[in-house]
Amino acid sequence: GKKKEGNAARYVTRSQAIKILQVSLSDFRKLCIHKGVFPREPKKKVKGNHHTYYHLKDVMYILHDPLLEKFREIRAYQRKIKKAKAKKNDELAKLLLSRAPSYRLDMVIRDRYPTFIDALRDLDDPLTMVHLFAMLPAIDRLKIEVKRIHNCRRLCHEWQAYISRTHKLRKVFVAVKGIYYQAEVDGQKITWLAPHARQQVLTDDVDFNVMLTFLEFYEALLGFVNFQLYHSINVKYPPILDPRLEALAADLYALSRYFDANHRAAIQEPQVAGSSRSEQEQEESDLRLAQLQHQLPANEPGALMHLVQDASSEIEEDETTRNCKNLFQNKKIFLSREFISVGIVSNTPCIQVPRESLLFVIPAFGGIVSWEGDGAPFTESDDSITHQIVDRPTQGHVYLSREYVQPQWVYDCINARIILPTEPYMAEGYVPDYAKTIRQLQAAAKSDIQPLPGTGNDELDNSQNMLAEGFINRTEAMEAAEKKQEMMFLEKQYHNELKMELQGVSSINKLNSEDTESKEQSLPDVEEQSAEDPSRLMMSRKKRGLYKAIEMGKQQKKERVEKLKERKRNIEAAQKSEKKHKKAQVS
């Protein structure tokens, strides 16, 4: 026949590739995912636009891979099991199932990532996928096993424990999809997304077979990376956790204690010669050395050593790492356990304070954290706690020696790399008088006392600064800002009238017409300003409704604060009248 040239010779369709490899469609997809082979888009599609094309060199690359032979062996073995079940030979089928062959991806990972830096560059998608499946429920119908979910959670906690221990975390962003994290490891910026700790609803329009194939490769890759990272700081891998803490779902805290135990053991262990080692340790070292020198098969115990590189025992910290390490230094933070009403979708209570996320990020920036429950390092009644994370006004005992802030304060401090004022992040705008007295005493101890605000423009200009310093609360700052805005509007109106008089236009009729209106009507309303705002005019109906709901929430919060102040004034007035009545009776 005619010799093929050009695109017809370089590209083949998926059907042709399956015919060349002599495998099923599912096995072909697995091979492409594991080997990193993806469809191509040739300039000229010879067979038509409705076909998927692959490069012929990629297909030949898969053809000579040992993994293809392993898949054929597994496929033939499954036929034996199927035949035994068809003959109703249950004992033979059970025996064959117990001896079913398996495969490992160690050699595939070593081929795709020759160096450790290459593995770190491609770690964004694996971390996101593993964190996603760590939050999914186990469903037999979709072949999502409990063992795989537990393995994903273990890999996530091991990665987070290393990042937190070495202070490699750089940025955190809370979004609707989940929480975005960015870390810097060996000069490589790694970004991943962790979903919120809520019950996930699985849809039918997602092919979980393909996702599970990706997950299988990503689990092996993340295991390689964790192994190298732990050995770079002289910590044994895999870690051995405290069974009590592991049963209480405090894996991150258990890993932190494991790091501390390994660090103390490394300091106390004497530097002796090789003759003082035990026989078991000597045999393991010889086995690993033989594996590195002679390249033993991938199913041997030391196959993970292919990614291991020489790492110094002491980690050199750069300036950024030192700043992150000291951000929450001497800060003792307690996490409250709060629930809101039953969710609409999941029909389960939703946790407002993201416990797992805060347990990860606070120690990463040098803070000490605890929570409410068994296995916690310290309880809520500890007097040394400086901050308590809440998401709504607490209904229980309030400790005046600590600050009650929302979770967003922690994330904003991390992104700004400074300790921000806690006033804008408080769960309620009303501050008791005794708390104000404590703040004034704290400011006096720092020698930062400023003159009391008067009625001049200095108060209006410095309202934000005084809010940051803690001299006034958020409500007073908002009143000062509104007063400043009112004065600016009156000043602008006065300048406009002067300009009109200079131009020869009388403003007497204008003033007479405005005398009938009240002062509140002459001033611009908040809703009218927002309606005239061009950015709001460009919003969609849904966003405008959301914006209106936010404004209503702010107004309701302001009304609650005013109600508390009014109640306080009524109580003080009642106490004064009672004192006068007693004095009158005595006289």
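Predicted model: local features only at pLDDT ≥ 70, side-chain atom pairs only at ≥ 80, totals over all residues.
Local features need pLDDT of at least 70 and side-chain atom pairs pLDDT 80 or more, while totals for chains, interfaces and linings use all residues. Residues are numbered from 1 along each chain as its sequence is written, and side-chain values use heavy atoms, without hydrogens and water.

Helices (DSSP H or I runs of at least four residues) and strands (E, at least two) are numbered from the N terminus. The axes of H9 (residues 124-135) and H11 (residues 208-232) come within 9 Å and cross at roughly 115 degrees. H9 is therefore roughly perpendicular to H11 (65 to 115 degrees; axes are fitted to C-alpha atoms over the stretch in contact, with angles from 0 to 180 degrees between N-to-C directions). Contact means heavy atoms within 4.5 Å. On the H9 side, the contact residues include Leu127, Met129 and Phe133; on the H11 side, they include Phe208, Tyr218 and Leu222. The contact comprises 14 nonpolar residues, no polar ones and one charged (Asp, Glu, Lys and Arg count as charged; Ala, Val, Leu, Ile, Met, Phe, Trp, Tyr, Cys and Pro as nonpolar; the others as polar).

H3 spans residues 25-35. Its buried residues (under 20% relative accessible area, 1.4 Å probe, protein chains only) include Asp27, Phe28 and Cys32. They pack against several elements, among them H2 (14-21), strand S2 (53-55) and H11. Just after H3, Gly36 adopts a positive phi of about 75 degrees.

Cys32 has a relative accessible area of 5%. Cys324 is buried at 0%. The structure holds zero disulfides (pairs of cysteine sulfur atoms within 2.5 Å).

Conventions. Parallel < 35°, antiparallel > 145°, perpendicular 65-115°, else oblique. Buried < 20%, exposed > 50% of the residue type's maximum accessible area, 1.4 Å probe, protein only.
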